Amino acid sequence: MNVTIRKIGNSEGIIIPKEILDRMGVKAGDEIIMTSKGSQLVLSVADGDFNRQLGHAEKFMDRYKVALKKLAE
């Protein structure tokens, strides 16, 4: 399937056809991960649970950074 890169505000982007979104199981507002492999662009569904857990871990590490630093020594 060919899509065209379009001007969107100050950026450029593509419109992802609904049938592709349906196959991926995502909808507007969902988060996806975009990576490039050579000349290929790969889209994959983001793991919402992982991102939520990572956010909690970052808050914990920030709150207890002094104690964690001491433990690392």
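Search this whole structure for aromatic pairs and you get one. Select Phe-60 and Tyr-64: their rings are tilted, 4.9 Å centre to centre with 50° between the planes. Here, rings of Phe, Tyr and Trp (its six-membered ring) pair if their centres lie within 6.5 Å, and planes under 30 degrees apart are stacked, over 60 edge-to-face, the rest tilted.

Before you go on, note that this is a predicted model, where local features need pLDDT of at least 70, side-chain atom pairs count only at pLDDT 80 or more, and totals for chains, interfaces and linings use all residues. Residues are numbered from 1 along each chain as its sequence is written, and side-chain values use heavy atoms, with hydrogens and water left out.

Keep the two rings selected and check their cover. Phe-60 is partly exposed at 45% relative accessible area, and Tyr-64 is partly exposed too, at 36%. (Buried means under 20% relative accessible area, exposed over 50%, partly exposed in between, with a 1.4 Å probe and protein chains only.)

**Next stop: helix α1**

Select residues 18-24, which make up helix α1. Helices (H or I, at least four residues) and strands (E, at least two) are DSSP runs, numbered from the N terminus.

How many salt bridges does a search of the whole structure find? Four. To count, a side-chain nitrogen of Lys or Arg must be within 4 Å of a carboxyl oxygen of Asp or Glu.

Show the side chains of Lys-18 and Asp-22: they meet in a salt bridge at 3.1 Å, N to O. These two sit four residues apart in α1, about one turn of the helix. Lys-18 is exposed at 59%, while Asp-22 is partly exposed at 47%.

Now pick Glu-19 and Arg-23, also four residues apart in α1. Their closest N and O atoms are 3.5 Å apart in another salt bridge. Glu-19 is partly exposed at 44% and Arg-23 is exposed at 64%.

Move along to Lys-27 and Asp-30, a salt bridge with its closest N and O atoms 3.3 Å apart.

**Last stop: the hairpin**

Select strand β3, residues 32-37.

(Two strands pair if DSSP finds at least two bridges between them.) Look across from Met-34 and you'll find Leu-43 in β4; across from Lys-37 is Gln-40.

Finally, click on Gly-38. This hairpin has two residues between the strands, and Gly-38 takes a positive phi near 65°.
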